[in-house]
Amino acid sequence: MNEILATSKVYGNYQTSIPKEIRKKNNIDKETVLEWSIDKEGNTIVNFRKRRDIRNLIGAFSTEEKTNAVELKRSLYE
């Protein structure tokens, strides 16, 4: 069994706070998304990841095809 590092209470509307020790260890900030799942044994698993938006995707993909921003924008309205 795992050692209990911290505890928190569930409040109205099922809200809770993430204990400071957990926030620091997992680098949790206001952009963090919690992903909840249940494994085959029925244990609850919580994963932390940073929220993604369009700014995170800039430069993530490349293409050999020549593009023109103006033409691309015009094609959206055709």
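The points below go from the paired strands and their side-chain contacts to the pocket and a few backbone details.

1. A reminder before we start: this is a predicted model, so please take every distance and angle here as a value computed from predicted coordinates.

2. Let us begin with the strands. β1 covers residues 32–38, and β2 covers residues 44–50. The two pair in the antiparallel sense, over seven bridges.

3. Five residues lie between the strands of the β1 and β2 hairpin, where Gly42 takes a positive phi near 90 degrees.

4. Next comes Thr32, which is found in strand β1. Is Thr32 buried or exposed? Its relative accessibility is 13%, so Thr32 counts as buried, because the buried class takes in anything under 20%. Leaving aside residues up to four places away in sequence, Thr32 touches Asn27, Phe48, Arg49 and Lys50.

5. The side chain of Thr32 has two polar links that I would show in a figure. A polar atom of the Thr32 side chain lies 2.9 Å from the backbone nitrogen of Asp29. The Thr32 side chain also makes a polar contact with the side chain of Lys50, at 3.1 Å.

6. How many salt bridges does the structure hold? There are two salt bridges in the structure. In one of them, the side chains of Lys50 and Asp29 meet, with 3.2 Å from N to O. This pair links distant parts of the chain, as Lys50 sits in strand β2 and Asp29 in the loop between α1 (20–25) and β1, 21 residues apart. Lys50 is partly exposed, with a relative accessible area of 35%, and Asp29 is partly exposed as well, at 40%.

7. The side chains of Arg49 and Glu35 also meet in a salt bridge, with 2.6 Å from N to O. Arg49 belongs to strand β2 and Glu35 to strand β1, so the pair ties together parts that are 14 residues apart in sequence. For accessibility, Arg49 counts as partly exposed at 27%, and Glu35 is partly exposed with a relative accessible area of 34%.

8. Now for the largest pocket, which holds about 730 Å³ of space. It is lined by 21 residues, and the closest to its centre are Ala6, Pro19, Ile22, Val46 and Phe48. Which element gives the most to this lining? That is β2, with four residues. Both β1 and β2 supply at least two residues each to the lining of the largest pocket.

9. Tyr14 is not a glycine, yet it has a positive phi of about 60 degrees. Tyr14 is placed in the segment before α1, and it is exposed, with a relative accessible area of 75%. Asn27 has a positive phi as well, near 55 degrees, and is likewise a residue other than glycine. Asn27 lies in the loop between α1 and β1 and counts as exposed at 55% relative accessibility.

10. Finally, a note on what follows β2. Arg52 has its place in the loop between β2 and α2 (54–57), and at 61% relative accessibility Arg52 counts as exposed. How far apart are Arg52 and Leu76 in space, C-alpha to C-alpha? The two are 24 Å apart, with a separation of 24 residues in sequence.

How values were computed:
Residues are numbered from 1 along each chain as its sequence is written. This is a predicted model: local features need pLDDT of at least 70, side-chain atom pairs count only at pLDDT 80 or more; totals for chains, interfaces and linings use all residues. Side-chain values use heavy atoms; hydrogens and water are left out. Buried means under 20% relative accessible area, exposed over 50%, partly exposed in between (1.4 Å probe, protein chains only). A polar contact is a pair of N or O atoms within 3.5 Å; within protein, one must be able to donate a hydrogen and the other to accept it, and residues adjacent in sequence count only if both atoms are side-chain atoms. Contact means heavy atoms within 4.5 Å. A salt bridge is a side-chain nitrogen of Lys or Arg within 4 Å of a carboxyl oxygen of Asp or Glu. Two strands pair if DSSP finds at least two bridges between them. On a 1 Å grid over the protein atoms alone, a cavity is a set of points where a 1.4 Å probe fits but cannot get out, and a pocket is an open set with protein on both sides within 12 Å along at least five of seven lines; lining residues have an atom within 4 Å of a point. Grid points are joined across faces, edges and corners, and a volume is the space filled by probe spheres set on the points.
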